[in-house]
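Visitor: I am new to this structure and would like to learn how to read it, one feature at a time. Could you take me through it slowly?

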Amino acid sequence: MKIVIASGKGGTGKTTLAVNLAVALADHESVGLLDCDVEEPNCHLYLKPSFEALEPVGTAIPVIDKETCTSCGLCARACEFHALVALPGAPLLLPELCHACGVCTYVCPERAISEIDREIGRIGDGEVGSLYFRWGRLHVGEARSTPVIRAVKDLSQAPAIDTCIIDAPPGVACPAVETLRGADFAVLVTEPTPFGLHDLKLAVETVRMMDIPFGVVINRAGIGDSRVDTFCRQESIPVLLEIPDSRPIAEACSRGDVFSATDAPFASLLRTFASDLRMRVGNIETHQVVAP
Amino acid sequence: MTSAVVESARAQVDTESAPRQLVVLSGKGGTGKTSLVAALAALTTDKVLADCDVDAADLHLVLDPVRRHRESFVSGKEARIAPERCSACGLCQKYCRFEAVHLTRQSDGESVFMVDPIACEGCGLCMRVCPSGAVDMVEAERGEWFISDTRHGPLIHARLNIGGENSGKLVTLVRNQASALAAKVGADLVLVDGPPGIGCPVIASVTGAHLVLAITEPTVSGAHDLERAAQLVQGFHLPLAVCINKTDLNPHMAGCIRQICAAHDIPVAGELSYDTAVVRAQVEGKSIVEYGGSVVAEQIREMWDVLERLLRTVEA
């Protein structure tokens with residue numbers, strides 16, 4: 001099963017929760033942790049894996065054979081992203097605008113276009129303690145992160161895993177949606193503040209649109225006001241966990257500490273949350289199998 | 001007398017030249033971009049505000065804008081399959097590289113090919129491969145944008161539809177509208193609230209900036225993400241300054257960030273204390289400067305003096 005840790009607002013504690021949840025669950029089953037925030041990946045700062053993100057991730061770009069190209073300009077006209085500019089001679093490619101859709105290759109009457117991979121990021125994977133960890137990193141200056149996110153989510157070469165915890169990028173634009181696609185459950189992390197509530201509503205709208213069951217975790221409970229609670233009650237959204245606002249927790253996170261495996265005061269709360277969540281998502285899956 | 005002439009000449013140049021753009025971004029989300037922009041909005045006069053975090057815009061929650069103008073953001077296309085013309089051959093699904101075409105079971109039990117508008121990138125390959133001409137490419141409305149009035153000046157803001165493509169284009173639109181409005185009303189500053197990350201909306205936000213202020217926090221994640229954001233900004237040869245928020249949370253990490261800044265020749269424009277008053281101000285719909293009695297407000301005032309000097313240096 002795949003559980004995505006997401007949030008509309010950035011900095012609400014997605015990574016902290018994802019890492020600690022994965023570590024807590026790994027005591028009982030095989031767990032994978034996938035860091036899909038490939039623009040600003042942070043899980044590795046907590047887990048400190050011995051491996052780097054080394055394997056290249058590419059996106060296809062067209063290569064035009066100048067010998068065969070008749071400069072007809074069909075490819076440039078067909079490209080919806082203006083990544084090809086018709087010029088006398090072969091068209092000019094603007095690689096950062098290319099979406100790798102394959103239209104130019106398809107429309108070329110001379111079959112002068114083939115495709116090669118252009119590296120836009122790297123991924124790495126391996127064991128960290130009892131966890132399987134997989135992460136990706138978009139190269140700085142690259143605009144489109146979704147191909148790297150897809151590569152992180154591709155577990156075809158990974159060992160067998162019972163439960164996957166996926167750390168999502170913030171927001172509700174295409175990188176977050178790409179991460180959420182195919183999830184069995186989403187945990188939406190928020191703060192009890194006006195910004196937290198506003199962005200939570202966007203995240204709720206997103207997971208409802210994608211038909212993904214979800215619950216909310218309120219981080220830094222006690223700061224701000226009670227409007228997030230009220231919203232969740234009115235919308236019948238389960239509040240799965242409230243993490244109290246605490247300077248020691250904030251300081252532990254600032255150092256990149258993983259505390260769910262320790263005897264820190266907050267650790268047992270997290271372990272209970274982990275087993276409750278596991279049961280909740282398990283029940284949803286069973287229910288889906290039984291229901292037609 | 002001479003200096004007055006120089007001053008007036010300078011003023012003339014300033015109003016004629018393009019307004020200065022200060023872009024606040026962070027790499028890591030939730031470090032305090034929007035709270036800082038709201039505070040700077042309260043401190044400065046003669047500026048236009050732009051919220052470029054178009055998929056989770058929050059600046060309006062503090063500024064309480066009154067909308068003056070609304071426009072749809074139409075950008076690119078999306079595919080629609082007309083079921084009456086579809087022969088269900090499945091070629092569109094086979095060719096689509098974005099897994100946007102699905103065989104979907106209808107309530108009447110029939111299965112039809114449909115396009116998932118969130119996954120569709122609008123390339124049109126399905127329309128080209130369809131032997132029955134069943135795919136239409138329609139203009140895609142991907143959000144909306146607004147011109148509003150606030151107590152701290154005009155605000156250009158936007159809302160990207162969920163899963164929206166082309167967020168970079170909407171960001172560029174917001175930025176350009178803000179610049180145009182600033183030129184029109186004679187404002188000499190555009191204050192931009194940027195998105196988190198380093199991807200397309202961030203690249204679109206910093207393009208053309210006179211000064212970028214990256215706000216970070218003294219955490220391992222904050223330091224890591226700042227380095228990547230700095231690499232992006234400096235890669236575009238744009239002037240960059242750093243603000244360390246919650247600097248006393250972890251003095252050791254704050255020191256690491258100062259070292260990173262020194263190593264990359266980035267000035268630290270200011271450091272702000274960890275202060276729960278920032279959240280209390282947000283709850284009341286105020287910026288921290290308007291909330292009063294906070295040490296952070298004073299620190300932001302001091303930082304603004306530094307930023308103004310940096311902006312002048314950039315102009316020179």
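Guide: What follows is a walk through chains, domains, strands and helices.

Guide: This is a predicted model, in which local features need pLDDT of at least 70 and side-chain atom pairs count only at pLDDT 80 or more, whereas totals for chains, interfaces and linings use all residues. Residues are numbered from 1 along each chain as its sequence is written, and chains are lettered from A and ligands numbered from 1 in the order in which they are written.

Visitor: How many residues does the contact take from chain A and from chain B?

Guide: Two residues are in contact if their C-beta atoms, placed from the backbone, lie within 7 Å. By that rule, the contact takes 50 residues from chain A and 50 residues from chain B. On the side of chain A that touches chain B, helix H4 (103-107), helix H6 (174-180), helix H7 (194-209) and helix H9 (247-255) of chain A each supply at least two residues, helices (H or I, at least four residues) and strands (E, at least two) being DSSP runs numbered from the N terminus. H7(A) gives the most to this side, with eight residues. For classes, Ala, Val, Leu, Ile, Met, Phe, Trp, Tyr, Cys and Pro count as nonpolar, Asp, Glu, Lys and Arg as charged, and the others, Gly among them, as polar; the side of chain A that touches chain B then has 23 nonpolar, 17 polar and 10 charged residues.

Visitor: Into which domains is chain B divided?

Guide: Domain bounds come from an automatic or database domain assignment. For chain B it gives domain 1 (15-64 + 151-315) and domain 2 (75-141), and the C-alpha centres of these two domains of chain B lie 41 Å apart. Four residues of domain 1 of chain B are in contact with four residues of domain 2 of chain B, and those on the domain 1 side divide into no nonpolar, two polar and two charged. Chain A has domain 1 (2-56 + 121-290) and domain 2 (60-119), with C-alpha centres 39 Å apart.

Visitor: Is strand E7 of chain A buried or exposed?

Guide: A residue is buried if 20 or more other C-beta atoms lie within 10 Å of its own, exposed if 12 or fewer, and partly exposed in between, with C-beta atoms placed from the backbone. Eight of the eight residues of E7(A) are buried, so this strand is largely enclosed by the rest of the structure. Both of its faces are covered, with A:Leu131, A:Phe133, A:Trp135 and A:Arg137 on one side and A:Tyr132, A:Arg134, A:Gly136 and A:Leu138 on the other.

Visitor: Which strands pair with E7(A), and in which sense?

Guide: Two strands pair if DSSP finds at least two bridges between them. Strand E2 (residues 31-35) of chain A pairs with E7(A) in the parallel sense over five bridges, and there A:Leu33 stands opposite A:Phe133. E6(A) pairs with E7(A) in the antiparallel sense over eight bridges, and A:Gly126 also stands opposite A:Phe133. The hairpin of E6(A) and E7(A) has two residues between the strands, and A:Gly129 takes a positive phi near 60 degrees in it. A:Ser130, in the loop between strand E6 (113-128) and strand E7 (131-138) of chain A, is partly exposed, with 14 other C-beta atoms within 10 Å.

Visitor: At what angle do H7(A) and H8(A) pack?

Guide: Axes are lines fitted to C-alpha atoms, for helices over the stretch in contact, and angles run from 0 to 180 degrees between N-to-C directions. H7(A) and helix H8 (residues 227-234) of chain A pack at about 25 degrees, with their axes 9 Å apart. Angles under 35 degrees count as roughly parallel, over 145 as roughly antiparallel, 65 to 115 as roughly perpendicular and the rest as oblique, and H7(A) and H8(A) are therefore roughly parallel to each other. The contact is made by A:Gly196, A:Leu197 and A:Leu200 of H7(A) with A:Arg227, A:Val228 and A:Phe231 of H8(A).

Visitor: In what order do the nine strands of the open sheet in chain B lie?

Guide: The order is E3-E6-E7-E2-E8-E1-E9-E10-E11 (chain B), and the pairing is mixed. Strand E3 (66-81) and strand E11 (268-271) of chain B are the edge strands, each pairing on one side only.
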